[in-house]
Amino acid sequence: MSYLQDNKPITLFELGKMRAEGRKIAMLTCYDASFATLVERCGVDVVLVGDSLGNVLQGQKSTLPVTMEHMVYHTECVARGCNRPFIVADMPFGSYHESPAQAMRNAARLMSAGAQMVKLEGGEFMAETVHFLVERGVPVCAHIGLTPQSVHQLGGYRVQGRNEAGAERLKADALALEDAGAGLMVMEMVPATVATEITSILKSMATIGIGAGPSCDGQVLVLHDLLGVYPGKTARFVRNFMNGAGSIDEAVTGYVAAVKDGSFPAAEHCY
Ligand SMILES: Nc1nc(=O)c2c([nH]1)NC[C@@H]1CN(c3ccc(C(=O)N[C@@H](CCC(=O)O)C(=O)O)cc3)CN21
Ligand SMILES: CC(C)C(=O)C(=O)O
Ligand SMILES: [Mg+2]
């Protein structure tokens, strides 16, 4: 069965409708034109040109060395390869932290490269920057919980919001980011119970989970993790969809189907 009803480009409005109607959003990272074409035909709704390209393409230990030049180049490659998926590009470390003006200047470069939305990491403290971009016509995806650009502050790639204070912090972050106008929000490595509550208190912002349980409005994975080609240690939230699949197309189609029918993530992928 195909989830591709037509080839009309997906808009932010359509993603809001999917949340409202309880249809799950399938998001996947992608860094080049060939895979953009492939994930489009497999029914992926949102492609993320993630700064995880530092890890999976460049062999870096973290996302911190990724630059604007890298992100612009890969966003251009992805944009040439697909038409239907909504294209989100990560703002790399240091490209939006100084000021809203710096964030706007760099967001404009990603939008010119073909992104339809930019993603930035951070909670309530980023709300002012989110509002500044949204007011100026740049859709923003927020990213809370485990924020890999802060790995040296967080002390590792660990679950966030485990205790009561941490969970309350995440809730306040989510509400502030929605208020600032973020259209989507990734929650990474958050207990499923906390992600469920946050998803339920939001009015319109769709939540996309990665290690955040099955009740988010959508899910995201790193392409190389889904295909089992990343040589590093993978997290608990990863499922290798090449297991039992006869081709890359079948694996990606299997991921989309599992997100849509709610069978991914299963309990074994959650915290
Ligand atoms: N290939 C890849 N996949 C990713 O999901 C990813 C990247 N790279 N690079 C950027 C960040 C880093 N991420 C990571 C990296 C490692 C773990 C990990 O090893 N998690 C362990 C728990 C570690 C602990 O609690 O000490 C796990 O079992 O989930 C999680 C997220 C997520 N992002
Ligand atoms: C894992 C996702 C959410 C991400 O930020 C990335 O791939 O860079
Ligand atoms: Mg990222």
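The shell around ligand 2 holds five nonpolar, three polar and three charged residues. Here Ala, Val, Leu, Ile, Met, Phe, Trp, Tyr, Cys and Pro count as nonpolar, Asp, Glu, Lys and Arg as charged, and the others, Gly among them, as polar.

This is a predicted model: local features need pLDDT of at least 70, side-chain atom pairs count only at pLDDT 80 or more, and totals for chains, interfaces and linings use all residues. Residues are numbered from 1 along each chain as its sequence is written, while chains are lettered from A and ligands numbered from 1 in the order in which they are written.

**Exercise 1.** List the residues that surround ligand 2.

*Solution.* A residue is near a molecule if its C-beta atom, placed from the backbone, lies within 6 Å of it. Thr29, Leu48, Gly50, Asp51, Ser52 and Asp90 belong to the shell around ligand 2. So do Val186, Glu188, Ile210, Val220 and Val222.

**Exercise 2.** Describe the shell around ligand 1.

*Solution.* Start with the nearest of its 15 residues: Asn55, Tyr157, Val222, Ala235 and Arg236. Next, α3 (53-56) and α10 (223-226) each supply at least two shell residues. Helices are DSSP runs (H or I, at least four residues), strands too (E, at least two), numbered from the N terminus. Finally, the shell divides into six nonpolar, five polar and four charged residues.

**Exercise 3.** Find the cis peptide bond.

*Solution.* The bond joins Phe264 and Pro265, with omega about 5°. Pro265 sits in the segment after α11 (248-260).
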